[in-house]
Amino acid sequence: MRTIEVAKVTRAVKEAAISANYEAGEDLLRALARGAVEEESESGREIFRQLLENARLAREQRLPMCQDCGLAVVFVELGQEVHLTGGNFEEAIQAGVRQGYGEGFLRKSLCHPLTRANTGDNTPAVIHTEIVPGDRLKLTVVPKGGGSENMSRVYMLKPAEGVAGIKEKVVATVREAGPNPCPPIIVGVGIGGTFERAALLAKKALLRELGLPHGDPEIAELEHELLTLVNDLGIGPAGLGGRITALAVNVLMQPCHIASLPVAVNIQCHASRHQEVVL
Amino acid sequence: MAKIVKLTPPLTDEDVLQLEIGDQVLVSGVIYTARDAAHKRLVDLLQAGQPLPVDLKGQILYYVGPSPARPGRVIGAAGPTTSYRMDSYAPTLMKLGLKAMIGKGKRDAAVVKAMQEYRAVYLGATGGAGALISQCIKEAQVVAFPELGPEAVHRLVVEDLPTIVINDCYGRDLYEVGQARYRRAAP
């Protein structure tokens, strides 16, 4: 049994929320730099150059790379041998989000769904907790922008629609989104499970390091085919037309009911922010 | 052939008529911010027969909810938000003389038609380039609806804010033209 004070959780979440917003990941920077060379369209290459410059300025000036600092989604992997002390665990995470968004000058983008009154401190975060073996606590803070989230979809396909149906829905979702979610995008696809699990898989798929295919060669092949189909849409950087509409399509899959074929498509803008901390 | 145009509001019909899709427009001077909640407030005021806090004649609205300014800075990150959410309000504001909107993403047919009718233009700024665009903003001040926080109407003074004409007042759409060039037919 290992003891972790929840105050440490608050501090970790706060720092992760801030750095996720200021500092683009190395994998993303590499993908943007490659795009600036490989994109065929002139306007597309210019967009990639702007995004690289934007990332540099954000890091140097301690500015969020995007004004939409997101709804904070926090993925928790809690080792079953961890004992959390000193307070309520979920409240500790919310406190970290509140402090991070306050002290980091991040935009507070949450509101009451009906009155639209801003909650004022970007809480409540959406927390997904999984109990795993071991004595570690892994926290992944994912500030998720609204523009790309709005373009995401869940489909309950008939099993008869199969792989062809999945491809059609992924492509249709990206086509319909067009320039709206700030392409070049990353596409998270969740296949299987239930209605809500498919969506969760799609979101988790966004966390994978850019450029790494799925470990299962069959799924990796499906990802490759989907990426080609999506990029054939010609939407391109900022939607101005080009070869690179998506930097990656990442799939996660699990078994589903014999009657169902749930497919969720979670779209992530190029400001793909996620910061992982292990306590 | 796309050209580079420098514009400072208030804009005239002639300013708008010269613009064609793909033109780069560098915006300087005073512009106003408004996104979802501010648009609703503006249109609610109009429906109640009340005056608007800002005269929109000849003006440019920037669809943005900036992040808070760190002490010593004018503003935080300030890139465009997705414009379609303002589509139901935009024609009403163009009728009042609004000449340009800055945002990102597609507009609906009614907005494109209103741009033709009222001689207005839709300019795209680079989505997600909030830190970069922030450098062009020299002054920022909340001038209406402060209770809306990031959604309040700000008066910005900008210098060479880079945009591109997405929809001109001739009904054309840069997204459609640009994407058609790179689209590959499905196998």
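Predicted model: local features only at pLDDT ≥ 70, side-chain atom pairs only at ≥ 80, totals over all residues.
Is the crossing of α1(A) and α4(A) left-handed or right-handed?

First, the answer. Helices α1(A) and α4(A) cross in a right-handed way. Helix α1 covers residues 6–22 of chain A, and helix α4 covers residues 89–103. They pack at an angle of about 35°. Their axes are 7 Å apart. Which residues meet there? From α1(A), they include A:V6, A:V9, A:V13, A:A17 and A:I18. From α4(A), they include A:F89, A:A92, A:I93, A:G96 and A:Y101. By class, this contact has 12 nonpolar, 4 polar and 2 charged residues.

Helix α6 of chain A runs over residues 162–177, and helix α8 over residues 217–231. Their axes come within 10 Å and cross at roughly 40°. The crossing of α6(A) and α8(A) is right-handed. On the α6(A) side, the contact uses A:K167, A:V170, A:V171 and A:V174. On the α8(A) side, we have A:E225, A:L226, A:L229 and A:V230. The classes here are 6 nonpolar, no polar and 2 charged residues.

Let's step back to the whole chain. Chain A has 8 helices and 10 strands. Its radius of gyration is 19 Å, close to the 19 Å that the globule rule gives for 279 residues, so chain A is as compact as a globular protein of that length. The C-alpha trace spans about 55 × 50 × 40 Å along its principal axes. Buried residues make up 49% of the 279 residues. Next, look at contacts in chain A with a separation of 6 or more. Of these, 81% come from residues 24 or more positions apart.

On to the strands. Strand β7 covers residues 185–193 of chain A. Why call it largely enclosed by the rest of the structure? Because 8 of its 9 residues are buried. β7(A) is joined to two strands that I want to show you. With β8(A), residues 246–256, it runs parallel, and 9 bridges join them. With β9(A), residues 261–268, β7(A) runs antiparallel, through 6 bridges. There, A:V187 has A:I267 as its bridge partner.

There is also an open sheet of 4 strands in chain A. The order is β4-β2-β5-β10, with mixed pairing. Strands β4 (126–132) and β10 (275–278) stand at the edges. Each has a single partner strand, so one side of each is left without a neighbour in the sheet. On average, neighbouring strands are turned by 15° against each other, direction ignored. Inside the order, β2(A) and β5(A) run antiparallel, joined by 8 bridges. A:L78 has its bridge partner in β5(A), namely A:L137.

Last, the two chains together. How many residues does each chain bring to the contact? Chain B gives 37 residues, and chain A gives 41 residues. On chain B, helices α5 (130–134) and α6 (174–182) each supply at least two residues of the side that touches chain A. The largest share, 6 residues, comes from α6(B). By class, that side of chain B has 14 nonpolar, 17 polar and 6 charged residues.

That's the tour. Questions are welcome.

How values were computed. Residues numbered from 1 in each chain as written. Chains lettered and ligands numbered in written order. Contact = placed C-beta atoms within 7 Å. Nonpolar A, V, L, I, M, F, W, Y, C, P; charged D, E, K, R; others polar. Axes fitted to C-alpha atoms, helices over the stretch in contact; angles between N-to-C directions. Left-handed = near helix turned anticlockwise from the far one by under 90°. Buried ≥ 20, exposed ≤ 12 C-beta atoms within 10 Å, placed from the backbone. Pairing = 2+ DSSP bridges. Rg over C-alpha atoms; globule rule 2.2 N^0.38 Å.
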